[in-house]
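Dear colleague,

Please find below the structure that I am handing over to you, with its sequence. My notes on what was found in it follow directly after.

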Amino acid sequence: MALKYRLVKRKDFSKGAAENDKLYYAQVSASDRVKFRELCDALSVATAASSADVNCVIKGLIQVIKTTC
């Protein structure tokens, strides 16, 4: 799947850039949604983990993020 993006003009943060210098940056825009089950299945195909293992890890990651952030 190709990524869609747009160019956004922002301040140049590179070392030695003048205060008013601007650069164009690519900003990715999400256009499609993937169901959680489809994501788990796709990751299980790409790895040695089963779909159930991937499901547990992602749900665990979400819980850790919620409690630490």
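This is a predicted model: local features need pLDDT of at least 70, side-chain atom pairs count only at pLDDT 80 or more; totals for chains, interfaces and linings use all residues.

Leaving aside neighbours within four places in sequence, Ala-26 is in contact with Tyr-5, Arg-6 and Leu-7. Ala-26 belongs to strand β2, which covers residues 22–29. With a relative accessibility of 55%, Ala-26 counts as exposed, because the threshold for that class is over 50%. Between Ala-26 and Ile-62, which are 36 residues apart along the chain, the C-alpha separation is 28 Å.

As to the chain as a whole, its secondary structure consists of two helices and two strands. Read from the N terminus, the order of these elements is β-β-α-α. The radius of gyration of the protein chain is 19 Å, whereas a compact globule of 69 residues would have a value near 11 Å. Along the principal axes, the C-alpha atoms fill a box of roughly 50 × 30 × 20 Å. Of the 69 residues in the protein chain, 10% are buried. Among contacts between residues at least 6 apart in sequence, 12% join residues at least 24 apart.

The two helices deserve a separate account. Helix α1 spans residues 36–46 and helix α2 spans residues 51–68; their axes come within 8 Å and cross at roughly 120 degrees. By class, the contact of α1 with α2 has six nonpolar, three polar and three charged residues. On the α1 side, the residues are Phe-36, Arg-37, Leu-39, Cys-40, Asp-41, Leu-43 and Ser-44, and they meet Ser-51, Val-54, Asn-55, Ile-58 and Lys-59 of α2.

Ile-58 is located in helix α2. Is Ile-58 buried or exposed? Its relative accessibility is 17%, so Ile-58 counts as buried, the limit being under 20%. Not counting residues up to four places away in sequence, Ile-58 touches Phe-36, Leu-39, Cys-40 and Leu-43. From Tyr-5, Ile-58 is 53 residues away in sequence and 27 Å away in space, C-alpha to C-alpha. Tyr-5 is also one of the residues in contact with Ala-26.

Phe-36 lies in helix α1. Its relative accessible area is 33%, and Phe-36 is therefore partly exposed. Apart from neighbours within four places in sequence, Phe-36 is in contact with Asn-55, Ile-58 and Lys-59. The C-alpha atoms of Phe-36 and Ile-58 are separated by 9.6 Å, and the two residues are 22 residues apart along the chain.

Ser-51 is likewise part of helix α2. Which residues does Ser-51 touch, not counting those up to four places away in sequence? They are Arg-37, Cys-40, Asp-41 and Ser-44. Ser-51 has a relative accessibility of 15% and so counts as buried.

With kind regards

Conventions
Residues are numbered from 1 along each chain as its sequence is written. Side-chain values use heavy atoms; hydrogens and water are left out. Axes are lines fitted to C-alpha atoms, for helices over the stretch in contact, and angles run from 0 to 180 degrees between N-to-C directions. Helices (H or I, at least four residues) and strands (E, at least two) are DSSP runs, numbered from the N terminus. Contact means heavy atoms within 4.5 Å. Ala, Val, Leu, Ile, Met, Phe, Trp, Tyr, Cys and Pro count as nonpolar, Asp, Glu, Lys and Arg as charged, and the others, Gly among them, as polar. The radius of gyration is taken over C-alpha atoms; the globule rule is 2.2 Å times the number of residues to the power 0.38. Buried means under 20% relative accessible area, exposed over 50%, partly exposed in between (1.4 Å probe, protein chains only).
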